[in-house]
Amino acid sequence: MVTVGVTGGIGSGKSTVCRRWSELGAYVLNADELAKQVMVTDPEVKKALIDTFGEASFNGDGSLNTEYLAEQAFEKGRVKALNAIVHPKMPAAAAREIKKAAEQGYDIFVYEAALLLENLEPGSLDYIVLVLADEDKRINRVQKRDSSSFEEIKQRISKQRDFEKATEKVDHVIRNNGTLEELKKKAEIIYQSFKRDE
Ligand code: ATP
């Protein structure tokens, strides 16, 4: 099985690429979804969340109170505290998912993460794909998608790394400044190269 990481800034088109690959038969795992899964299933993480952020971290039915935790992390400036609890558990959780995908017979495993280059264990994925788009296009697309304001999106972009400077760290760069159809076509061509490799 070929393992692939996908990264890029807010609104660059990562999820769109991953959706296309999922349609083509890849097993796609999103880092945010995996983090949420770790937060509800790992007893040590659950305890640390409650100790750090309080009982309100979970709803009465045991599900994650994502709104509360997002507010604590992003509005109260406690992202580092949240990451310190969850991040150490991510490599093992991702490894379990890779094993599961292989057991289920998938040819291609895809891991989508904005912080991939920061958190990647060297050699843990076969290929890294970076999705890039011009900032004005990203802002415009996210505004349409989330109804966030121009300023909010600018602010979020300013907190991310400059992905344009990361092209040398990756195996494939997808430039997403054209139409959605063009993006999907580029994704398909790269997917075929993975298929040839597996
Ligand atoms: P985030 O990190 O914020 O989750 P992302 O990198 O996963 O963003 P997508 O969700 O794939 O980005 O794309 C952002 C929005 O822009 C989506 O609504 C998507 O449909 C749209 N979009 C992506 N590429 C294009 C394109 N080439 N033309 C028009 N719209 C696009």
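**Helix packing and the ligand**

Helix α3 passes helix α5 in a right-handed crossing. Keep in mind as you read that this is a predicted model. Two packed helices are described by the angle between their axes and the distance between the axes.

**Helices α3 and α5**

- The axes of α3 (residues 43–53) and α5 (residues 79–86) come within 9 Å, crossing at roughly 160°.
- An angle over 145 degrees counts as roughly antiparallel, and α3 and α5 are therefore roughly antiparallel to each other.
- On the α3 side, Val-45, Ala-48, Leu-49, Thr-52 and Phe-53 take part, and they meet Ala-81, Leu-82, Ile-85 and Val-86 in α5.
- This contact of α3 with α5 has 8 nonpolar residues, 1 polar residue and no charged ones.

**Helices α1 and α10**

- Here the axes of α1 (residues 14–23) and α10 (residues 180–197) come within 9 Å and cross at roughly 55°, which makes α1 oblique to α10.
- The crossing of α1 and α10 is right-handed.
- From α1, Thr-16, Val-17, Arg-20 and Trp-21 meet residues of α10, including Leu-183, Ala-187, Tyr-191 and Phe-194.
- Sorted by class, the contact of α1 with α10 has 8 nonpolar, 1 polar and 3 charged residues.

**Around the ligand**

- Which of the 16 residues around the ligand come nearest? They are Lys-14, Ser-15, Thr-16, Arg-145 and Asn-176.
- A side-chain N or O atom of Ser-15 is 2.7 Å from an oxygen atom of the ligand.
- Asn-176 has a polar side-chain atom 2.8 Å from a nitrogen atom of the ligand.
- Gly-178 has a backbone N or O atom 2.9 Å from a nitrogen atom of the ligand.

How values were computed. Residues are numbered from 1 along each chain as its sequence is written. This is a predicted model: local features need pLDDT of at least 70, side-chain atom pairs count only at pLDDT 80 or more; totals for chains, interfaces and linings use all residues. Side-chain values use heavy atoms; hydrogens and water are left out. Axes are lines fitted to C-alpha atoms, for helices over the stretch in contact, and angles run from 0 to 180 degrees between N-to-C directions. Helices (H or I, at least four residues) and strands (E, at least two) are DSSP runs, numbered from the N terminus. Angles under 35 degrees count as roughly parallel, over 145 as roughly antiparallel, 65 to 115 as roughly perpendicular and the rest as oblique. A crossing is left-handed if the near helix is turned anticlockwise from the far one by less than a right angle, and right-handed if clockwise. Contact means heavy atoms within 4.5 Å. Ala, Val, Leu, Ile, Met, Phe, Trp, Tyr, Cys and Pro count as nonpolar, Asp, Glu, Lys and Arg as charged, and the others, Gly among them, as polar. A residue is near a molecule or strand if one of its heavy atoms lies within 4 Å of it. A polar contact is a pair of N or O atoms within 3.5 Å; within protein, one must be able to donate a hydrogen and the other to accept it, and residues adjacent in sequence count only if both atoms are side-chain atoms.
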